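I set out to record what I looked up in this model, one topic at a time. The entries follow below.

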Amino acid sequence: MIAVQSKIFDPGAELNLFMKGRTDKGAVVSFTGHVRGGGDVTALELEHYPGYTEAEIEKIEASALLKWPGIESRIIHRFGKLHPGEPIVFVAVCAAHRKDAFEAASFLMDYLKTGAPFWKKEIRAGQEVWIEPKATDYAARRGWD
Amino acid sequence: MVHTIAMVKILFLGWLKEKAGGAERQVDLPDMATPEELIAFVAQGDTALADQLAEPSIRIIINKSILVDKILPDGIEEVAFMPPLSGG
């Protein structure tokens with residue numbers, strides 16, 4: 001299940017909600033990405049393409065469900081203006097056993113990092129800089145091929 | 001063949017909006033066959049923009065589906081020009 005939203009979320013609450021009532025999954029792995037400050041970055045601005053962005057993230061999720069049958073996943077990704085320290089992305093995967101949960105969560109993040117249709121701008125002291133994935137992000141994704 | 005003109009929404013995503021002078025335009029799009037014709041029509045004589053839109057790194061999305069063919073589909077309602085994405 002995916003959500004693309006501007007609203008801030010509580011990763012702990014999302015994790016609890018995701019696992020609520022489940023009795024057949026022995027493992028859950030979650031990852032939360034936070035906006036990293038440092039340097040002179042005061043904010044990140046993320047743009048998405050409504051309809052298309054959700055559809056592409058659903059495709060990424062579907063490929064994980066195919067690769068690790070039996071898992072379930074929750075993906076939340078924010079757009080809009082985000083500040084250092086705020087959560088930006090949340091991925092949780094539950095499975096019967098830990099290996100699938102660890103692997104699928106890692107796979108989802110590697111694919112989201114390079115394949116999720118977002119355009120990101122760093123807002124630095126009065127300057128705005130568009131950014132692209134790093135070579136290491138592409139290398140991480142190729143590792144799954 | 002019936003020639004029609006359709007009201008189409010054109011979107012420039014990410015940094016392309018800065019090159020295009022805006023994120024969105026509504027145009028009366030006449031029938032056309034190829035992405036090249038579409039780019040020429042959208043750029044309206046702005047050759048710098050036309051060159052930019054024709055770059056291989058710029059993907060064209062029509063009705064929320066990425067264009068992979070060299071021929072435009074029928075029933076275009078929305079066109080988005082997509083620069084390389086930043087990822088999540």
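How many helices and strands does the secondary structure of chain B come to? I counted three helices and five strands in chain B. I note at the outset that the model is predicted.

**Entry: chain B, order and dimensions.** I then read chain B along the sequence and found the pattern β-α-β-α-α-β-β-β. I looked up the extent of the C-alpha trace of chain B, which spans about 40 × 25 × 20 Å along its principal axes. I compared the radius of gyration with the globule rule: chain B has 12 Å, and because a compact globule of 88 residues would have a value near 12 Å, the two agree. I looked up burial next, and 23% of the 88 residues of chain B count as buried. As to contacts in chain B between residues at least 6 apart in sequence, I found that 51% join residues at least 24 apart.

**Entry: the helix pair in chain B.** I examined helix H2 (residues 35-43) and helix H3 (residues 47-54) of chain B, which pack at an angle of about 145°. Their axes are 9 Å apart, and the crossing of H2(B) with H3(B) is right-handed. Which residues meet here? From H2(B) I listed B:Ile39, B:Ala40, B:Val42 and B:Ala43, and from H3(B) B:Leu49, B:Ala50, B:Leu53 and B:Ala54. By class, I found eight nonpolar residues in this contact, with no polar and no charged ones.

**Entry: chain A against chain B.** I turned to the interface, where 21 residues of chain A are in contact with eleven residues of chain B. On the chain A side, the elements that give two or more residues are helix H2 (52-67), helix H3 (98-115), strand E7 (118-124) and strand E8 (127-131). H3(A) supplies the largest share of that side, four residues.

**Entry: the largest nonpolar core.** I looked up the largest nonpolar core and found that it has 46 residues. Strand E6 (residues 87-95) of chain A provides the largest share of this core, eight residues. Which residues have the most contacts inside the core? I noted A:Val91, A:Val93, A:Ala101, A:Ala104 and A:Leu108.

Terms used
Residues numbered from 1 in each chain as written. Chains lettered and ligands numbered in written order. Predicted model: local features only at pLDDT ≥ 70, side-chain atom pairs only at ≥ 80, totals over all residues. Contact = placed C-beta atoms within 7 Å. Axes fitted to C-alpha atoms, helices over the stretch in contact; angles between N-to-C directions. Left-handed = near helix turned anticlockwise from the far one by under 90°. Nonpolar A, V, L, I, M, F, W, Y, C, P; charged D, E, K, R; others polar. Core = buried A, V, L, I, M, F, W, Y, C linked by C-beta atoms within 7 Å. Buried ≥ 20, exposed ≤ 12 C-beta atoms within 10 Å, placed from the backbone. Rg over C-alpha atoms; globule rule 2.2 N^0.38 Å.
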